[in-house]
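Open the model in your viewer and keep the selection panel at hand. This tour goes from stop to stop, saying what to pick and what is there.

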Amino acid sequence: MFPPALIMIVGAMLIPVAPVRLRPALLILTPLLTLLMIWNLGDGLLLTAPFLNYEIALVETSDVRRLFATIFALMAMVSGLYMFRHARVVEMSASLAYAAGAVGVSFAGDLLSLYLFWEFMVLFSIIVVWSGGTEQARGAGIRYAIMLLIGGIILKIGIEGVYAQTGSHDIQALALDSVATWMLLVGVLIHAAAPPVSAWLADANPSASPTGSVILSAFTTKTAVLALIMLFPGQQVLVWIGMYMIVYGIIYALLENDIRRMLAYAIVNQVGFMVVGVGIGTELAINGVVAFAFAHIIFQALLLMSAGVVVIQTGKRNLRDLGGLYRSMPVTAICGTIGALAMSAFPLTSGFVSGVMITESAASGEPAWPRYGLLAGMAGVFLFVGLKFAWLVFFGKDEGLQAKDPAWNMQAAMIIFAAACVLLGISPGLWYQFLPYEVPYASYTVSHLLTQLVMLLLAGAVFFVCMSWLRRLSIRVIDTDFIYRRAGVQMWRSFVRLLVILSGVLHTRVLDPGKRLPQLWIRYHGPEGPLARTWPTGSMLLWVAVMLVVILIGARLL
Amino acid sequence: MLMHLPVLVVLAPLLGAPVVALMRGSTWPWVLSTLLSWFSLLCAVLLLVQVQSQGLVIYTMGGWEAPWGIEYRIDFANALLLVLITGLASVVLPYARLSVEQEVGTERAPMFYAALLLLTLGLCGITATGDAFNIFVFLEISSLATYTLIAMGRDRRALTASFSYLIMGTIGATFYLIGIGFLYVMTGTLNLADLAGRLPAINESSTVRTAFAFIVTGICLKLALFPLHLWLPNAYTYSPSAVTALLGATATKVAVYVLVRFVFTVFGIDFSFGMEPLAEVLIPLAVIGLLSASTVSITQPNIKRMLAYSSVAQIGYIVLGIAMGTAMGLTAALLHVFNHGLIKGALFMVLGAVMYRMGGTSLSDMQGLAKTMPLTFWAFVIGGLSLIGVPLTVGFVSKWHLILAAIELGWWPIVIAILVGSMLAVVYVGRVIEAGFFGEAKDPTRREAPAGLLIPVWILIFANIYFGIDTRLTVDIAEAAAAQLMAGGIVR
């Protein structure tokens, strides 16, 4: 018995040393093996291992965990198919390890092993961003790394605090009654791209390579959703946070013209729906969140795949330069459109049968306003992804771009996911049986269809009225990342500068009173500094004496 | 043979050193000293196994019963330290051959290896012995060897660095000796266990309390506690690479061990924390030290020097754990002694490989390393992550315990200080990784470092990951050692 994630970790380690021809096989087959293993695992706690002085639960299964692990492995497999001819070796290897971390988190049976897999995952996601190789990827990767490492540190302190208070690492629904649980929540939410740090996602995701964006869309935020489901179901505060993310995603996606960045905002928006669902917390809502996360990973990846193909084949990433691509690249256009319809929760797609479950769960709950928020949110999604993205890129005005559909592997990956969107949509019974709770729910009722169609029609009307405005729209959008990219960096710099000055003063004025000028500190520490003159023996001796006296006198004072 | 293990660890390098010094060329002295270090490691590991079954191993030198004779007393704490010292020596010595040929030269190689053996011997001796004066003797042996080794550095500033350390080291040792003298006057014994038995009755006396102040100050100088650390950056920066690796990994750690031994075993917790202002003095110094030294690290253009300041910061973490005065804090400190030895040993050895190929260790030498020397570069990345404390590395294990110990006491400001220190580590490690990953290589034709350097480096890197995942060995021993020390240690 070993953790399912291990298969992909081994695969990731073998990729750099394997012969070139074997690499695609490793990239695609190890997730497949993982998938087989996942579905052959029994129920309950399966594997523990000694770590530190605890017995940590490496593998524990349940319906929710299994479903998340399945979609993560599936995602790794299909995106492996999508990327293998295009990506660098580092990117392939890191992507697989990243996905492996996500699978590991899904099965982590306690907070400590969750944290271990979590950081493993984050570490490799940083390499995926950096593999973009551009100057922008470099900067974005560093910002991404800092944001997620801070998130990780907060998560760690939260876990240690919970352990110190309760003596247990168990994953269970926690009450928000102490600093530690709040820190745990904040740590998870940072990874879910919740406010006020939602901007890291739209900063990092489009800065990676087109293949890297696909990978980055799936794991980090969805493992955070899984953690929220397991740790904080039914916390009211999540409804508010999720609602903010929905609105934030729509507004920024509507204002954005870079197609991949726009789809990155879509991730924030979609995760917002899931966070609201977790906040509602009823059995139906949790079912809806799980189903929606499953469906979302597929159509989100599909959309980013089609956008990636467009960027690779045309070399253009701005909406204003794109249009009418359905003639020259029909496969991409059809798949991209299916993805867009699925995200807009169009009937007969996976988005409809899962997304509406969340809105329905809000209908029965108190208070009632989240339901209307969610409905409006869905209409907004159709506005930016169904119409703004799919319509303007693939249809709309023909810009006369000479581009072809991509290589077979990319087409195959898109077709697989497009087919999945439709299949899950037309036969919901097929996968409802795997959802965690047994709640009677029918997708295709007259009221669901009517509500949804009305919403979509309204959004469509709005779009065609405002289309020319939306297309020409070009305002510089200031996102919250502006705050931490400017102000945050400034604050951090000032903080470090303060520390530098303080230690400078400490080292010159205090530790070595022979010298008077603070600049001398730099010269002294510089490799070319006049070291012979500044050997600090004398002043060190002074400090030895001071310490001796302090201990002697201190003892008298005690 | 098994009953002689405690002395064999020390004896092997002691007998080998003069032989090595008389040899010529650089190959045979290297072979002999490498074999001797491996033998010592074997003895240390067997000794640890013995301690695990018995709890305490006592060896009386020449059959003279203590307190008349000298005895070696090995409990969990010093058994762990012995494994660290001999283990590092066993990795550094194979590594030293190429590095020494280039940085020290063939002619002086026999002296170099002899001094390295003496250093190992001294450090092992301090750790193994149960006699306070014997500690001083071994302290001097290791220090004299260190002065010689530092002075062999290629840079001429190595001479001044060595001289400066000589003065400071001697003062430290003298302070220690004065303290021991006071204790001898008061108790008439030099045996640590014996001292521990007699001191509680007379610990009101100002002679004992003065002895405490002298001993603690002297040792703090040797372990480079801020602000007594000023000798360290130059000593580490200008030493030959192999020496820096061994010193950085073990020398200050042995001083930490002596501090722990005196604070917890000889003087006892009640005296050290209750009647003496140990926590009050050490905690502020540790916190200021870890923040200040980490900050200074960020500004260093020479990576070797950057890591030297980082060592001062890490000493801050260790001393913090000791100053908490709880079993958990002590566990964290001992864990970090071992783990930081693995981290810094590995990182300084990586820099030695960079030095070997690039001729320097400044940030510009590290640029573009991911392409020209990928194995060296990824070794630095993993070592750096371990230094930051990323999960699945040893750095995580010790910081986890340190934070847990601070939370246990409810010391939230300390938790925040540790976090800020970690963030600063992210910055100073991150800028090297960034330069290696994105920088333009100064000379794209430079090749990967030779296997003779890479294999020992990767053995240590592997140890960093292995002990980060399989923590049974380290955590269990550190906990057992802490429990033993809290209960009085080598005194039964």
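Start in chain B, in the loop between helix 8 and helix 9 (231-238), and pick B:Pro227. This is a predicted model. The bond to look at is the one joining B:Phe226 and B:Pro227: it is cis, with omega about 0 degrees.

Stay in that loop and select B:Ala224, which also lies between helix 8 and helix 9 of chain B. Its phi is positive, about 60 degrees, although B:Ala224 is not a glycine. Is B:Ala224 buried or exposed? B:Ala224 is buried, because 28 other C-beta atoms lie within 10 Å, and the cut-off for buried is 20 or more.

**Across to chain A**

Now select the loop between helix 7 (179-191) and helix 8 (199-204) of chain A, where A:Pro196 is found. The peptide bond from A:Pro195 to A:Pro196 is cis, with omega near 5 degrees.

In the loop between helix 7 and helix 8 of chain A, pick A:Ala193. A:Ala193 is not a glycine, yet its phi is positive, at about 60 degrees. A:Ala193 counts as buried because it has 28 C-beta neighbours inside 10 Å.

**Helix 10 of chain A**

Next, select A:Thr221, placed in helix 10 of chain A. What does A:Thr221 touch, leaving aside its neighbours within four places in sequence? Its contacts are A:His191, A:Ala192, A:Ala193, A:Ile267 and A:Val271. Draw a distance from the C-alpha atom of A:Thr221 to that of A:Leu189: the two are 32 residues apart along the chain and separated by 8.7 Å. A:Thr221 has 26 C-beta neighbours inside 10 Å, so it counts as buried.

Colour chain A by pLDDT. Among the elements of chain A, helix 10 (residues 220-231) has the highest mean, 94. Helix 21 (residues 519-525) of chain A has the lowest, 46. Select residues 513-534 of chain A: the pLDDT there is below 50, and the stretch has 24 contacts in the model beyond near neighbours in sequence. Chain A as a whole averages a pLDDT of 85, and 89% of its residues score at least 70.

**The nonpolar core**

Which residues touch the most other members of the largest nonpolar core? They are A:Leu228 and B:Leu80, in a core of 417 residues. To see what gives the most to this core, select helix 13 (residues 283-314) of chain A, which supplies 22 residues.

Then centre on A:Leu228. Apart from neighbours within four places in sequence, A:Leu228 is in contact with A:Val188, A:Ala192, A:Leu238, A:Val275 and A:Val278.

**Where the chains meet**

Show both chains and select the residues in contact between them: 50 residues of chain B and 42 residues of chain A. Several helices of chain B each supply at least two residues of the side that touches chain A. They are helix 6 (157-187), helix 8 (206-222), helix 12 (278-298), helix 18 (394-409), helix 19 (412-438) and helix 21 (472-486). Helix 8 of chain B gives the largest share of that side, 8 residues. Colour the side of chain B that touches chain A by residue class: 33 residues are nonpolar, 10 are polar and 7 are charged.

**The strands of chain B**

Where is the bridge partner of B:Ile58? It lies in strand 2 of chain B, and is B:Arg73.

Show side chains on strand 2 (residues 71-74) of chain B. B:Glu71 and B:Arg73 point one way, B:Tyr72 and B:Ile74 the other, and all are buried. In a regular strand, side chains alternate between the two faces of the sheet.

**Chain B as a whole**

Zoom out. Chain B holds 21 helices and 2 strands. Its radius of gyration is 21 Å, close to the 23 Å that the globule rule gives for 492 residues, so chain B is as compact as a globular protein of that length. Along the principal axes, its C-alpha atoms fill a box of roughly 70 × 55 × 40 Å.

Colour by burial to finish: 67% of the 492 residues of chain B count as buried. Of the contacts in chain B with a separation of 6 or more, 81% are between residues 24 or more positions apart.

Definitions and conventions
Residues are numbered from 1 along each chain as its sequence is written. Chains are lettered from A and ligands numbered from 1 in the order in which they are written. This is a predicted model: local features need pLDDT of at least 70, side-chain atom pairs count only at pLDDT 80 or more; totals for chains, interfaces and linings use all residues. A residue is buried if 20 or more other C-beta atoms lie within 10 Å of its own, exposed if 12 or fewer, and partly exposed in between; C-beta atoms are placed from the backbone. Helices (H or I, at least four residues) and strands (E, at least two) are DSSP runs, numbered from the N terminus. Two strands pair if DSSP finds at least two bridges between them. A nonpolar core is a set of buried Ala, Val, Leu, Ile, Met, Phe, Trp, Tyr and Cys residues joined through C-beta atoms within 7 Å. Two residues are in contact if their C-beta atoms, placed from the backbone, lie within 7 Å. Ala, Val, Leu, Ile, Met, Phe, Trp, Tyr, Cys and Pro count as nonpolar, Asp, Glu, Lys and Arg as charged, and the others, Gly among them, as polar. pLDDT is the predictor's confidence in each residue, from 0 to 100. The radius of gyration is taken over C-alpha atoms; the globule rule is 2.2 Å times the number of residues to the power 0.38.
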